[in-house]
Amino acid sequence: MRDSKAMQSMLRTTPPYYGLAILLLWSIASVGCRPEPEVTFELQGLEVTPGFADKDRLKTNEQWVAIVHTNLFQTGMPANELYNVARVFESIGDQSIAREVLLSNFFNQPDLTLTPTDEMLADPDAFIDATYLRFYTRFPTQAERTFVREFILNNPGMTPELVYMSFGLSEEYRYY
Amino acid sequence: MKKSLHASNRRAFIKKAGLAAAGISVAPYILPSGRLFAPTGMRSSEHVVMVAFAGGVRQQESVLKRYLDDSQGEPYPGNIMYNLFDGTPPENKIVFGTGTGGLNPIPSILSETIESQGTIFREVSALSAGHFGGLNSLVQGSTVTTQGLKQRPINPTIFEYLRRHGGYSATDVWFVGNGIGNSTPLLNHSAHPDYGAAYAGNFFAPTVTFGSTGNQFMADAKIYHPENELAPMYKLKTFLDLQFQSLTSAGGSLGNTEDEKQSIKAFMKAMYAKVSDGTLDLPPVTDNGDLYTMGFAVEVLKWFKPAFMMVNLSAVDSCHSNFSNYLAALHRADHAVGHLWNRIQTAIPEMANQTSLICTPECGRNLSPNNILDQNEWLAFDHSDSNSLRAWTALAGTGIPAGLSVGSEANPVGRVSDSMMTVADLLGVKSEVQAAGMTAPGTMSLLDQI
């Protein structure tokens, strides 16, 4: 209110164009003094993972065993055991058989905890996404997700163990 | 009219698609062997077993039967390989047998020696004085100057020739190694672009695979139901592989069919059980690695009845530092061959009287000793001089003349690489191997040199 009276008094004692300029300055100043709004910036929760086109380096036997052990047991394999497994792999000509026998041996271990089958069937998409991330460190494409979902739902014998077996033995899993 | 044209196109499309599908389903049966028809050569034996009597064997203590006479300056000749060669064993200074000091020679297994049953090439030339070079000459039929250790054979191996040109399946050709050292596991196929892993022989180093280490990681493997569990698992794997291969060129397996893989896995399971139960078909004496290796080789024969198996022995390499142990190993390698031949004839009816045997060292050993003395104060021998290029080859069984001796110290006949060509000859792919032109010059079947 006081500001308004002072403004009227000034207008009376100054030429008309001065008043107009002062009014303009006042309006700008009053806008500039408004409290700054609180703005926060966030990143959208979009996970970026490598695609399979980038995987062109073949894992060594030691790397494959170490990674599959970690993927399944969520813990690393001791170095001496890793060395010994690699020796056994060398002693078998068909490495695909060695991988398959080792994996099925892992699945026989009592300390391995797998997703229950009913949990997989209750939310197959979540299971598929988690499996792709676990083994391939990427999300499935929509086509892959659809195929694997339909495959799991239409094959009553499929268990998480067999799905993990398929992923663990797959070609993509041999590369990084 | 338009409708009729569409119907015609549709019929043509279905017809072409059907033909393409038929082609795809037939192609895998053509491509693995690379040919449509049977090999051109005559197969004169159903099965061939080659023993790489390896580790470096001196002529003097083996085919020449001189025992200590030509090595330690002690006048005691004699034959310590009496399953292979005719001749009486030494009577004095016995150290190669069992028991304390090796005083008890191992009794012969065969009632008739390999020499009397077959043909001995008494003096053949080795292509290399080294183990890996020598073994490469046995599997490739050549040595390549650029061939390095820890490197796949540069030229195709006999396993690949047999599979590619003879149409043999992966479980029809086997390499049983004495271990995983000295690049032995690399010998089951070459890096040659026209052959390679797709034509490889199956391989086990059984003392490792079925030893305590292998037992720890492999023996507890599950056996899945082939239809209810394995079939969908492989189907999903195939989908995943197709997705990956659409953008990459991953591949490179041995080409075992799914049935063959199941058979190999079942064999492994059976071996772990036999090791656990103590029911392996082992030689009567089993006090070194070669004898265990041969026991597993017999198990491979019993299970798969392969067309070709090569088994590698190597305990005689102890000769670098211990001559007495070398003599014992030589005696045991002979014992191992006796067991092998005996079991083929008596315990594997599908192979009895239908199998050919080839035994040959990959290289010899020096004429002069080094300075290392053993417990009997006998000097040891390395392998680097011209005596290291002296070897022998023993053949017996189907297609091999009996009681024949070819060549002598003064008249060498044959090369170590000829063993590979002889296998190719017996199994009907000799002309294809010769046409490939990748064996050492002059390499030929021993049967053509009799």
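Modeller: This is a predicted model, and of the 450 residues of chain B, 51% count as buried, a label given to a residue when 20 or more other C-beta atoms lie within 10 Å of its own. Chain B is built with twelve helices and eight strands, and among its contacts between residues at least 6 apart in sequence, 72% join residues at least 24 apart.

Biologist: What makes B:S431 partly exposed?

Modeller: B:S431, which lies in helix α12 (residues 430-436) of chain B, has 14 C-beta neighbours inside 10 Å; a residue is exposed at 12 or fewer and buried at 20 or more, so with 14 neighbours B:S431 falls in between and counts as partly exposed. The C-alpha atoms of B:S431 and B:M42 are separated by 10.0 Å, although these residues are 389 residues apart along the chain.

Biologist: Why is α3(A) called oblique to α4(A)?

Modeller: The axes of α3(A) and α4(A) come within 9 Å and cross at roughly 125°; roughly perpendicular covers 65 to 115 degrees and roughly antiparallel begins over 145, so an angle of roughly 125° makes α3(A) oblique to α4(A). The crossing of these helices is right-handed, and the contact is made by A:N61, A:E62, A:V65 and A:A66 of α3(A) with A:L82, A:V85, A:A86 and A:F89 of α4(A). By class, the residues of this contact divide into six nonpolar, one polar and one charged.

Biologist: What is the span of α5(A) set against, and what do the buried residues of α5(A) pack against?

Modeller: Helix α5 (residues 95-106) of chain A, with twelve residues, reaches 16 Å from its first C-alpha to its last, close to the 16 Å expected at 1.5 Å a residue. Among the buried residues of α5(A) are A:I97, A:V101, A:L103 and A:F106, and the buried residues of this helix pack against α3 (61-73), α4 (79-90) and α9 (160-169) of chain A together with α6 (212-218) and α8 (258-277) of chain B.

Biologist: How many residues does each chain give to the contact between chain A and chain B, and which element of chain B supplies the largest share?

Modeller: The contact takes 41 residues from chain B and 37 residues from chain A, and the largest share of the side of chain B that touches chain A, twelve residues, comes from α7(B). By class, that side of chain B has 22 nonpolar, twelve polar and seven charged residues.

Note on methods: Residues are numbered from 1 along each chain as its sequence is written. Chains are lettered from A and ligands numbered from 1 in the order in which they are written. This is a predicted model: local features need pLDDT of at least 70, side-chain atom pairs count only at pLDDT 80 or more; totals for chains, interfaces and linings use all residues. Helices (H or I, at least four residues) and strands (E, at least two) are DSSP runs, numbered from the N terminus. The expected span of a helix is 1.5 Å times one less than its number of residues. Two residues are in contact if their C-beta atoms, placed from the backbone, lie within 7 Å. Ala, Val, Leu, Ile, Met, Phe, Trp, Tyr, Cys and Pro count as nonpolar, Asp, Glu, Lys and Arg as charged, and the others, Gly among them, as polar. Axes are lines fitted to C-alpha atoms, for helices over the stretch in contact, and angles run from 0 to 180 degrees between N-to-C directions. Angles under 35 degrees count as roughly parallel, over 145 as roughly antiparallel, 65 to 115 as roughly perpendicular and the rest as oblique. A crossing is left-handed if the near helix is turned anticlockwise from the far one by less than a right angle, and right-handed if clockwise.
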